[in-house]
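Please look through the structure shown here.

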Amino acid sequence: MSLVVKFWGVRGSLPASMLPTGWRTHIQGLLKGFFADGHSKPSDIESYINSLALPLVGGYGTGTTCVEVNSPKTRILIDGGSGIRNFSDKVMSGHAGSLKGPFHIFMTHFHWDHLMGLPFFSPHFVPNSEIHYYGVQKDLEEVIRSVFKKPFFPVPFETLPANIHFHTLEPRKPVKMADLEITPYQLDHPDPCWGYKVTHKKLAYAHCVDTESTRVSPEELGPDHPLYQGIDLMYFDAQYTFPELAEKANWGHSAAQIGLDLAFRENIKHVLFAHHDPGATIAQIQDLKAQTTEYFQWRLEHAAESGETVPKIIWDFVHEGLEVRIG
Ligand SMILES: [Zn+2]
Ligand SMILES: [Zn+2]
C-alpha cells in the first residue's frame, strides 16, 4: 500500500529559468563554497556537489504544473503545464506498450500554465493511444480542443490519431479508478479552479494549487473542508511571501505560512510548497524557506507555551523531478 507522487512541473504562471547572469553568479557561489570548504582537487568536485541539496545546485526547475500520482494499480496526471513534456519523454523512451496508455489527465483549471504543455504530450500523436481528460468545468472538451488549433498549434485536434475521451466531474463527488479515488474540491482562485483529493486505501494526497486560500476555517471552507482532512501529503500554493498576500489580494495565490496553519490544524504530515513565481531565483526561494522556517519555529514555541498538541510536520519547497512515496 503506497502512493508515489512525482512532480514534473512546479513553477507557476509561466515557464521560467534564472537569467544567464543569475546562473553565472550562482556558479561563482558554488565554486567559492567548494574552496571555502577546504577542497582544492578536481576529484572532490563530484562528492562536494552531491553533498548539496539538489535545488541548491540545479535550481527548482522551469516547467509549469504537472503532477503524476501512482498507486499500485493505476496512474493519473494532474494538469498539463509545460512540465508534462518531461513525463512525455519518459513515456516515449519506455517500451512500445507504454505509449498507448491509458493516460488519465485531471485538469484543475485552464490558465495557460496548467495546459500549455498538452500539445507536447506525445501520446496525442500515437495511433490508438488512449487519453482521458477529466474536469469539473462544463467546457472541458471545448477548451482542450482549442489548444490544438491553428494558428496557435499546427496540428488540429480533429487530426490527432489518439483516442481521446472527456469526462465531466461532479463537484465533490469521488470517481473511482482501479485502487484510486479522486474527488474534486473548489479552491480559491479565479475562473474557477478545482483541487483534488486522491486517496488509496487510507493514504491521501491533496492537490491545492492554484489557491489563494482565502477560506481557512472549517466554517468558511464548508463543503470543501474535506480536501484538507486526513491528508498525508499536501501540495500547496506558496507563490507569494506572507506580506505580498495583502498587496496581491485576489490574484489567486497563497503563502507557505497559510499552508502551515492548515497543516497544524488538520494534522497534515507532509507539506510541499509550490507554484513558484516565474521571477523567483534559487536565492529567493531559499529566502522564502528561511521566512517559513522562522514562522514554523514561532508556531512550535507558541504551541509549547500554550500546551497545544503539535503534529509532526515535514515541509519543504518542492523542486522539479522530486518523487515522494507515502505509505
Ligand atoms: Zn497556475
Ligand atoms: Zn491559475
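Along the chain, the donors of the zinc ion (ligand 1) follow the spacing D-H-x95-D-x64-H; donors are N, O and S atoms within 2.8 Å of the metal (3.2 Å for Na, K and Ca), and water is not among the atoms, so sites may look incomplete. D113 lies in helix α5 (residues 112-115) and D210 in the loop between β10 (203-208) and α7 (218-221), so this pair ties together parts that are 97 residues apart in sequence. Helices (H or I, at least four residues) and strands (E, at least two) are DSSP runs, numbered from the N terminus.

This is a predicted model, in which local features need pLDDT of at least 70 and side-chain atom pairs count only at pLDDT 80 or more, while totals for chains, interfaces and linings use all residues. Residues are numbered from 1 along each chain as its sequence is written, chains are lettered from A and ligands numbered from 1 in the order in which they are written, and side-chain values use heavy atoms, with hydrogens and water left out.

The protein donors of the zinc ion (ligand 1) are D113 (OD), H114 (NE2), D210 (OD) and H275 (NE2), at 2.1 to 2.2 Å from it. D210 also coordinates the zinc ion (ligand 2), and the two zinc ions are 3.6 Å apart. D113 is buried, at 4% relative accessible area, and D210 is buried, at 1%. Buried means under 20% relative accessible area, exposed over 50%, and partly exposed in between (1.4 Å probe, protein chains only).

The largest nonpolar core has 36 residues, and C208, Y228, M234, F236, V271, F273 and F317 have the most contacts inside it. Such a core is a set of buried Ala, Val, Leu, Ile, Met, Phe, Trp, Tyr and Cys residues joined through side-chain atoms within 4.5 Å. Helix α9 gives the most to this core, with 6 residues. Apart from it lies another core, of 28 residues, including L169 and I326.

The structure holds 14 salt bridges, each a side-chain nitrogen of Lys or Arg within 4 Å of a carboxyl oxygen of Asp or Glu. D261 and R299 form one of them (2.6 Å, N to O). This pair links distant parts of the chain, with D261 in helix α9 and R299 in helix α10, 38 residues apart. D261 is partly exposed, at 25% relative accessibility, whereas R299 is buried, at 13%. R172, D188, R215 and D224 are linked in a network of salt bridges.
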